[in-house]
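Reader: I should like to be guided through this structure by question and answer. Where may we begin?

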Amino acid sequence: MQVLKIQAEGVVTSFRYPHFMQSIHPSYEMPPPATIYGHICSVLGEWIDPKGLLFAYKFTYRCKVDDLEHIHVLTHSSGRLKNFNAPKVLEGNTNPFKRTLLFEPRLTLYLNKPEWDKAFKSPKYPVVLGRSQDLFTYTDVKVIELRQEQGAYFENTLAPYSMILEVGKGIVELMPRYLNYHVNREPIFSRYLLIKQRIKSTDLLQYNSQQYLVDPDSPEYDGLYFGTLFHSLIGDEYESIEFTS
């Protein structure tokens with residue numbers, strides 16, 4: 001299977017939990033699928049149809065830090081002025097909050113769209129991942145051939161929620177999967193399993209010698225290569241794409 005492999009890095013990033021509004025803005029430890037979709041669209045310069053798009057990734061960061069930020073809430077006092085033609089006076093206050101930042105993030109992204117290589121080598125808009133100020137740069141963009149093998153290892157990657165029955169460890173997260181920008185950015189959420197520590201396929205609780213799509217250019221550990229777990233943006237909530245020969 002031919003895929004587009006993109007390697008990117010930045011200084012800091014943050015993937016805010018959407019339901020936190022006051023005092024603290026924690027971050028997901030990996031980019032949600034909706035963030036990946038927005039990132040791809042910024043490269044191509046348009047909102048693409050998510051149907052048929054598959055992605056897998058590996059994401060790491062050096063450390064996690066808390067930054068103190070401020071929101072400036074402004075109002076005007078024109079309602080209390082007797083002279084409505086008088087200049088409006090802005091008033092307001094400052095609301096401090098803590099935001100969690102991921103320092104030195106690194107992303108390896110796999111897409112089932114090898115024809116997009118030229119777009120990623122010359123993106124339409126500035127390359128960001130997370131907030132609009134979280135600038136990234138592509139260190140490598142190339143088309144590779146994934147290989148089917150009997151075993152693989154997984155680390156620092158996003159897995160389908162159902163895989164927790166095989167792994168027995170990891171972090172379960174409810175993440176925004178897709179934002180429909182044609183319907184007022186309507187969000188769709190799904191559950192995922194975040195695998196951070198290295199797990200070999202032979203260590204799975206329900207190991208059944210199935211075929212895995214591996215990256216032959218990834219570091220090799222105990223004769224195994226990094227296994228790519230592909231996800232779609234629309235479809236069944238638990239959908240993770242498996243390829244068989």
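Author: Let us begin with a definition: the expected span of a helix is 1.5 Å times one less than its number of residues. The model under discussion is a predicted one.

Reader: How many helices and how many strands does the chain have?

Author: The chain has 245 residues, of which 44% count as buried. Among the contacts with a separation of 6 or more, 77% are between residues 24 or more positions apart. As for helices and strands, the chain contains 3 helices and 17 strands.

Reader: How far apart are the end C-alpha atoms of H1, and what span should its 12 residues have?

Author: Helix H1 covers residues 33–44. With 12 residues at 1.5 Å a residue, H1 should span 16 Å, and this agrees with the distance between its end C-alpha atoms, which is 17 Å.

Reader: How many of the 12 residues of H1 are buried?

Author: A residue is counted as buried when its relative accessible area is under 20%. H1 is mostly covered, and the number of its buried residues is 9 of 12.

Reader: Which residue just after H1 takes a positive phi?

Author: The phi in question is about 85°. The residue that takes it, just after H1, is Gly-45.

Reader: Is Tyr-28 buried or exposed?

Author: Tyr-28 belongs to an aromatic pair with Tyr-17, one that is stacked, with 4.2 Å centre to centre and 25° between the planes. Tyr-17 lies in the loop between S2 and S3 and Tyr-28 in the loop between S3 and H1, so the pair ties together parts that are 11 residues apart in sequence. Tyr-17 is partly exposed, at a relative accessible area of 21%. Tyr-28, at 2% relative accessibility, counts as buried.

Reader: Is the pair of Tyr-153 and Phe-226 stacked or edge-to-face?

Author: Planes over 60 degrees apart count as edge-to-face. The ring centres of Tyr-153 and Phe-226 are 6.1 Å apart and their planes stand at 65°, so the pair is edge-to-face.

Reader: How many residues apart are Tyr-153 and Phe-226?

Author: Both Tyr-153 and Phe-226 are buried. Tyr-153 is in strand S10, whereas Phe-226 is in the loop between strands S15 and S16. The pair thus links distant parts of the chain, and the separation is 73 residues.

Reader: Which residue has its charged end over the ring of Phe-226?

Author: Phe-226 forms one aromatic cluster with Tyr-110, Tyr-153 and Tyr-221. Over the ring of Tyr-221, at 3.5 Å from its centre, sits the charged end of Arg-198. Over the ring of Phe-226, at 5.7 Å from its centre, sits the charged end of Lys-58.

Reader: Why is strand S4 described as largely enclosed by the rest of the structure?

Author: Strand S4 comprises residues 54–60. It is largely enclosed because its buried residues number 6 of 7.

Reader: Which residue in S7 is the bridge partner of Phe-55?

Author: S4 runs antiparallel to S16, to which 2 bridges join it, and in S16 the partner of Phe-55 is His-231. S4 also runs antiparallel to S7, with 6 bridges between them. In S7, the bridge partner of Phe-55 is Leu-111.

Key. Residues are numbered from 1 along each chain as its sequence is written. This is a predicted model: local features need pLDDT of at least 70, side-chain atom pairs count only at pLDDT 80 or more; totals for chains, interfaces and linings use all residues. Side-chain values use heavy atoms; hydrogens and water are left out. Helices (H or I, at least four residues) and strands (E, at least two) are DSSP runs, numbered from the N terminus. Buried means under 20% relative accessible area, exposed over 50%, partly exposed in between (1.4 Å probe, protein chains only). Contact means heavy atoms within 4.5 Å. Rings of Phe, Tyr and Trp (its six-membered ring) pair if their centres lie within 6.5 Å; planes under 30 degrees apart count as stacked, over 60 as edge-to-face and the rest as tilted. A charge sits over a ring if NZ of Lys or CZ of Arg is within 6 Å of the ring centre and within 35 degrees of the ring normal. Two strands pair if DSSP finds at least two bridges between them.
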